[in-house]
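Have the structure open as you read.

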Amino acid sequence: MAEFDVIVIGGGPGGYVCAIHCAQLGLNTACVEGRGTLGGTCLNVGCIPSKALLHATHELHELHENFDKMGLTEAKVKVDWKKMQSYKQDVIDSNTKGIEFLFKKNKVTYVKGWGEIVAAGQVKVGDEVHTAKHIVIATGSEPSGLPGVEVAFDEEVIVTSTGALSLPKIPKSMIVVGAGVIGLEMGSVYARLGTEVTVVEYLDAITPGMDAEVARSFQKILSKQGLKFVLGAAVQKVEKGKGKAAVSYKLRKDDSEATIEADVVLVATGRRPYTKGLGLEALGLEVLPRGQVKTDAHFQTSVPGIYAIGDAIVGPMLAHKAEDEGMALAEILAGKAGHVNYDVIPGVIYTTPEVASVGKTEEALKQEGRAYKVGKFSFMGNGRAKAVMQTEGFVKIIVDAATDRILGAHIIGPSAGELIHEICVGMEFGAAAEDIALTCHAHPTFSEAVREAALACGLGAIHA
């Protein structure tokens, strides 16, 4: 039996960050992880490997679309799928080994195996029971499947996002069920590799919750890239046939039915908290109807001394949200004032172009009845974007009509995932659009489009 101040169950972004920060704050900390490698879904079968494939296929897209325009003779390029998979794995390995190094550096005890909370203050891993004053549940999430429809996943023909990252070969055709972040990112990867991709979505628009204007523009751009969309379609059945799979759906607008076939079907309809084997029921720990562990404002569960963060609790299932919660909880456990500002958590889709957002959408503000102003600027007016032939998209900043305080921002365009953080910092400090507009931005950079959108909230952009 080993005794600790804190035991974190789960070595994903929320768990490993919480463990390291606890150790930095002087707490004797252990992290329990059963996967065999640290980093959780994000580093092993999520954010990081998908970005590797997105990067590789973006380079391929640039070669085919823009090299000739830049005066570069197009070379004959052959896609070596096995080698691309090896590159992806190298990226995963370097990241997961990096976390093991950080554990050693910060003196976090890495306990390999699946953890079960047998009582308050006690975590069983294998045959050994470890004790701690504080236990943190950071067990992440898993693919949720298709609500109301039984799907037999084989991770080769009918796949989750995990299987989609490691298909045995590049398929000629793919159906993506779900037009959210995961579905569109993976759909983009395979479309660039020559796969005929059809996206089937229950709602009448892609990327639920996104600013509607950005979503419409995004769909048009993806359609030009070859993705096909069937919207307002309720999937009735997903079946595997002779080497192929079929998706049957009913259109919500007229109840008409159709069946389409493809080599691979990716079901990307969201994720659910993963809490199997933790022993929550026996502890009497309160779980919400959708599977999240119920916590208070300080991440405390209904059982004293047991906390939860990340995908296991309410809120957006984002790695950086989990990291922020892990940092905040570590501060709280060390007797400090940990805090997460949930109004300033950005979201990014890593397609080409990227899509990024933070704060309120126009639709949300209209529903609240709040008066607002919008400043927009197209990348068509940005010199850097023109130079690199990435002029599709725009920056949109939404401000309070009376105070000019930034309420939200939505960007579709080059490096959107990087540009959004200028707005995040501004919002964290209560900035007005004028504060952004009066700040000198280097020329030529994509960031000038953010400044121009801020100017458009006032007298108007210069280059529009």
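## The second largest pocket

Start with the second largest pocket: 20 residues line it, and His61, Glu65, Asn66, Gln225 and Glu392 are the ones nearest its centre. Keep in mind that this is a predicted model. The pocket holds about 530 Å³ of space.

What is the lining made of? Sorted by class, there are 6 nonpolar, 8 polar and 6 charged residues in the lining. Helix 3 (47-65), helix 6 and helix 7 (212-224) each put in at least two residues, and helix 3 gives the most, with 4.

## The parallel sheet

Helix 6 also takes us to a sheet. This helix (residues 181-192) lies across strand 9 (173-177), strand 10 (196-201), strand 11 and strand 15, and runs at about 165° to strand 10.

The sheet is an open one, built from 5 strands in the order 8-15-9-10-11, with parallel pairing. Strand 8 (158-159) and strand 11 (228-231) sit at the edges with a single partner strand each, so one side of each has no neighbour in the sheet. For strand 8, the partner is strand 15 (residues 264-267), paired in the parallel sense over 2 bridges. Look for Val159, which stands opposite Leu266 in strand 15.

## Helix 14 under cover

Now move on to helix 14 (residues 448-456), where Glu448, Ala449, Val450, Glu452, Ala453 and Ala454 are buried. What covers them? The cover includes strand 20 (372-378), strand 21 (394-400) and strand 22 (406-413), along with helix 12 (416-428) and helix 13 (433-437).

Definitions and conventions
Residues are numbered from 1 along each chain as its sequence is written. This is a predicted model: local features need pLDDT of at least 70, side-chain atom pairs count only at pLDDT 80 or more; totals for chains, interfaces and linings use all residues. Side-chain values use heavy atoms; hydrogens and water are left out. Two strands pair if DSSP finds at least two bridges between them. Contact means heavy atoms within 4.5 Å. Axes are lines fitted to C-alpha atoms, for helices over the stretch in contact, and angles run from 0 to 180 degrees between N-to-C directions. Buried means under 20% relative accessible area, exposed over 50%, partly exposed in between (1.4 Å probe, protein chains only). On a 1 Å grid over the protein atoms alone, a cavity is a set of points where a 1.4 Å probe fits but cannot get out, and a pocket is an open set with protein on both sides within 12 Å along at least five of seven lines; lining residues have an atom within 4 Å of a point. Grid points are joined across faces, edges and corners, and a volume is the space filled by probe spheres set on the points. Ala, Val, Leu, Ile, Met, Phe, Trp, Tyr, Cys and Pro count as nonpolar, Asp, Glu, Lys and Arg as charged, and the others, Gly among them, as polar.
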